[in-house]
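Work through the exercises below with the sequence and the model open beside you. Try each task before you read its solution.

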Amino acid sequence: MRAAVCHAFGKPLRIENVDIDAPGPGEIAVDVAACAICHSDIIFADGGWGGALPAIYGHEAAGVVSKVGKGVEEFKAGDHVVVTLIRACGHCSSCNDGHLVTCSTTFYRDTHTPLRNEHGQPLTQGLRTAAFAEHVVVDASQAVTIPKEMNLDVASLLACGVITGVGAAVNTAQVRSGATVAVLGTGGVGLNVIQACALSAARAIIAIDVVPSKLGTARRFGATHGLLGSDPELKQKLRELTDGRGADYVFVTVGAKAAFVQSLGLVARSGSLVLVGMPPDGMTIDIDPGFIAQDNLRVLGSKMGDSRIKVDIPKLVALYDAGRLKLDELITERFSLDQINDAMTKARSGEAVRNVIMMR
Ligand SMILES: [Zn+2]
Ligand SMILES: [Zn+2]
């Protein structure tokens, strides 16, 4: 098959012929139809999180099941699926507790990649998926069946950006109706926090970004106000919009240090700070713990929206079908696999919400 391979951090990916294993026990093979570019793919490809090279990234995918491994009963060839990086055993203490995103089981594929190049050299299965490729082999826990009528490019977005954003609001923060919300960063994840807060009937949803044009997009997803992250009076303006209190929920959906630092000053007393964005390794911020206790704040981490994909993704498909969840509007541009470096460069600039690689 053809795949986009990273040989050196920060250098263009190379399209190469790659061999992929047949699915083993508990696994499925999927013909990838579409894979969106997530900011995590860019951080990996740029070396921000390390990892062994050569590697194939891409983890926001949808396609058609081509083959199932031994013992797989949930899927059959021809099923349309969303493929995610969330691999869960279903029986460790985290899984039993409903937190599949922190499953503690080590899988065969965590140590045995299904991918090799033409010289037999193993290639890292980046983000447990390696979907910048024509085919993937993943654990059956990583996929969810979707209706065949749904466009696969649109469906691919459900694999990461949408569940991460919606899940942060609905699963992690459990935003109350009538609440006030501030969302720092209005990229793929931030817009989904915003639309989930709108569905949860938040009273004020204040989008904050450093790119003015993105505030208009945020309003189309349900933001009631937009503020510039670079505005020196940001804190004061946010207080004016929230009865002088600050926001009941503040979401940080980007990995930029400035956003984390800024977020602490925007939360109302007894409010929640929800950290969703993933900074590059090594970034730290100073926090005054006395202020967290004194203001009775909750600081919540949210990994992949704490999603249980087999429960959450069908609900999101139903909301999309009912016209209540925007997905088509998240796609900025479509590219072929050969154009992936172009698509990555445009995604790096922060102007694109989601660029999608179409495999066929
Ligand atoms: Zn992602
Ligand atoms: Zn588990």
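**Exercise 1.** Decide how accessible the two partners of the salt bridge between Arg-128 and Asp-110 are, and describe where each one lies.

*Solution.* Arg-128 has a relative accessible area of 27%, which makes it partly exposed, because this class covers values between under 20% for buried and over 50% for exposed. Remember throughout that the model is predicted. The side chains of Arg-128 and Asp-110 meet with 3.4 Å from N to O.

**Exercise 2.** Find out which geometry the donor atoms form around the zinc ion (ligand 2).

*Solution.* Begin with the protein donors, which are the SG atoms of Cys-89, Cys-92, Cys-95 and Cys-103, lying 2.3 to 2.4 Å from the zinc ion (ligand 2). Along the chain, these donors follow the spacing C-x2-C-x2-C-x7-C. Next, take the angles: the four donor atoms subtend 105 to 117°, and four donors count as tetrahedral if all angles lie between 85 and 135 degrees. The arrangement is therefore tetrahedral. For comparison, the ideal angle for four tetrahedral donors is 109.5 degrees. Finally, consider accessibility: Cys-89 is buried, because its relative accessible area is 19% and the limit for buried is under 20%, and Cys-92, at 9%, counts as buried too.

**Exercise 3.** Determine which parts of the chain are linked by the salt bridge between Asp-338 and Arg-2, and classify the accessibility of Asp-338 and of Arg-2.

*Solution.* The closest N and O atoms of Asp-338 and Arg-2 are 2.6 Å apart. This pair links distant parts of the chain, with Asp-338 in the loop between strand S17 (331-336) and helix H12 (340-348) and Arg-2 in strand S1 (residues 2-5), 336 residues apart. Asp-338 counts as exposed at 51% relative accessibility, whereas Arg-2, at 28%, is partly exposed.

**Exercise 4.** State how accessible Arg-269 and Asp-295 are, given that their side chains meet in a salt bridge.

*Solution.* The N to O distance in this salt bridge is 2.9 Å. Arg-269 sits in strand S15 (residues 267-275), and Asp-295 in the loop between helix H10 (289-294) and strand S16 (298-301), 26 residues apart. Arg-269 is partly exposed, with a relative accessible area of 49%, but Asp-295 is buried, with 16%.

Note on methods. Residues numbered from 1 in each chain as written. Chains lettered and ligands numbered in written order. Predicted model: local features only at pLDDT ≥ 70, side-chain atom pairs only at ≥ 80, totals over all residues. Heavy atoms only, no water. Donors = N, O, S within 2.8 Å, 3.2 Å for Na, K, Ca; no water. Tetrahedral: all angles 85-135°; square planar, octahedral: opposite > 155°, others 65-115°. Buried < 20%, exposed > 50% of the residue type's maximum accessible area, 1.4 Å probe, protein only. Salt bridge = Lys/Arg side-chain N within 4 Å of Asp/Glu carboxyl O. Helix = DSSP H or I, 4+ residues; strand = E, 2+ residues; numbered from the N terminus.
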